[in-house]
Amino acid sequence: MSVKNIVIVVVVLLIGALLLDTFYIVDERQRAILLRFGDVMSPEEGELPGLHLKFPIADQVKYFDGRVLTRDATPERYLTIEQKPLIVDWFAKWRIANPRSYYTATSGIEESANARLQAKVSQGLRDQIGKRDMHEVISGERDQLMQELTNEMNVTMMDEFGITVIDVRVKRIDLPDEVSSAVFERMNSEREVEARQYRATGREQAIGIEADAQRQVTVIGAEAQRDAERIRGDGDAQATKIYADAYGQDKEFYEFYRSINAYVNVFQDGRSLLVLDPSSEFFKYLKRDIAE
């Protein structure tokens, strides 16, 4: 191959390389900025996903991860308004919103952005926890605390680093070892006091229920006895009336019937011994039957 042909091939390759270097692609999962001789270019078109143009050699493209990122911080010690220490383990979700501000503040280094975010969130947590007592931090105002912190961090990080803070959440809140036993003892004492109060209230209610039940038993028994006496009295009255009516219909037969029943009751065991005058009224019908 002649020198001329070699030169032509080299020129074609160089031109091809320059043409290829004229285009660059930003993926949907990425953010990018365009640098010209090291300076950030002002147009924002090159930061959006898609195909873009640039000047070969003079322009350089910096790519960043555009997805939601997570900063999982190490647990730190914070003090409440009561000066009680808490060990808080938290994490933050963030994403690059302004690639130019992000690059200017962090040089495009993700670890640097994470370190800045952790420092800001840690200070924000310190301020928020320092305005609340232990109960509010642990349960009472925990959601409100996280929301206020997220809003504050979002404004701060956007202004300084071009980062959107999506969420800040507490994973776990622990007590330091030196205060855990004291807190647990106090909690046990409080629960014991509550338990004694519940037991006392239960005993008081039980006494009231038992007294009411006993009263109802007495009332029901008295009413049943009253009804029984009334029914028994009505029965006796009816029985007396029946006897009286029967006696009035045939006096002689009624006297005879009563005498026979008396004989049966007296002599039914066969061992009874009575000393009576044979002429007494008791043997009235017996003597008549013998005589007849």
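1. Start with N114, which sits in helix α3 (helices are DSSP runs of H or I with at least four residues, strands are E runs of at least two, both numbered from the N terminus). N114 counts as buried because its relative accessibility is 6%; buried means under 20% relative accessible area, exposed over 50%, and partly exposed in between, with a 1.4 Å probe and protein chains only. Leaving out residues up to four places away in sequence, N114 touches R71 and W94, where contact means heavy atoms within 4.5 Å.

2. A word on provenance: this is a predicted model, so local features need pLDDT of at least 70 and side-chain atom pairs count only at pLDDT 80 or more, while totals for chains, interfaces and linings use all residues. Residues are numbered from 1 along each chain as its sequence is written, and side-chain values use heavy atoms, with hydrogens and water left out.

3. Now the overall picture. The protein has eight helices and nine strands, and 24% of its 292 residues are buried. Taking contacts between residues at least 6 apart in sequence, 64% join residues at least 24 apart.

4. Which residues have the most contacts inside the largest nonpolar core? They are W94, V121 and L125, in a core of 32 residues. Here a nonpolar core is a set of buried Ala, Val, Leu, Ile, Met, Phe, Trp, Tyr and Cys residues joined through side-chain atoms within 4.5 Å. Elements that each supply at least two residues of this core include β2 (30–36), β8 (85–96), α3 (110–130), α5 (142–161) and β9 (163–174). V121 touches W90, L149, M153 and V168, not counting residues up to four places away in sequence. There is also a second, separate core of five residues, among them Y24, V26, L34 and V61.

5. On helix packing, α3 and α5 meet at an angle of about 140 degrees, with axes 10 Å apart. The axes are lines fitted to C-alpha atoms, for helices over the stretch in contact, and angles run from 0 to 180 degrees between N-to-C directions. The α3 side of the contact includes R116, L117, V121 and L125, and the α5 side includes L145, L149, M153 and F161. By class, this contact has 10 nonpolar, three polar and five charged residues; Ala, Val, Leu, Ile, Met, Phe, Trp, Tyr, Cys and Pro count as nonpolar, Asp, Glu, Lys and Arg as charged, and the others, Gly among them, as polar.

6. Two backbone spots deserve a look. Most residues other than glycine have a negative phi. Q83, not a glycine, has a positive phi of about 65 degrees; Q83 is in the loop between β7 (76–79) and β8 and counts as exposed because its relative accessibility is 55%. S107, also not a glycine, has a positive phi of about 60 degrees and is found in the loop between α2 and α3.

7. Finally, D72. D72 lies in strand β6 (residues 69–72) and is partly exposed, with a relative accessible area of 45%. Leaving aside neighbours within four places in sequence, D72 is in contact with D89, W90, F91 and K171. The C-alpha atoms of D72 and W90 are separated by 6.6 Å, though the two residues are 18 residues apart along the chain.
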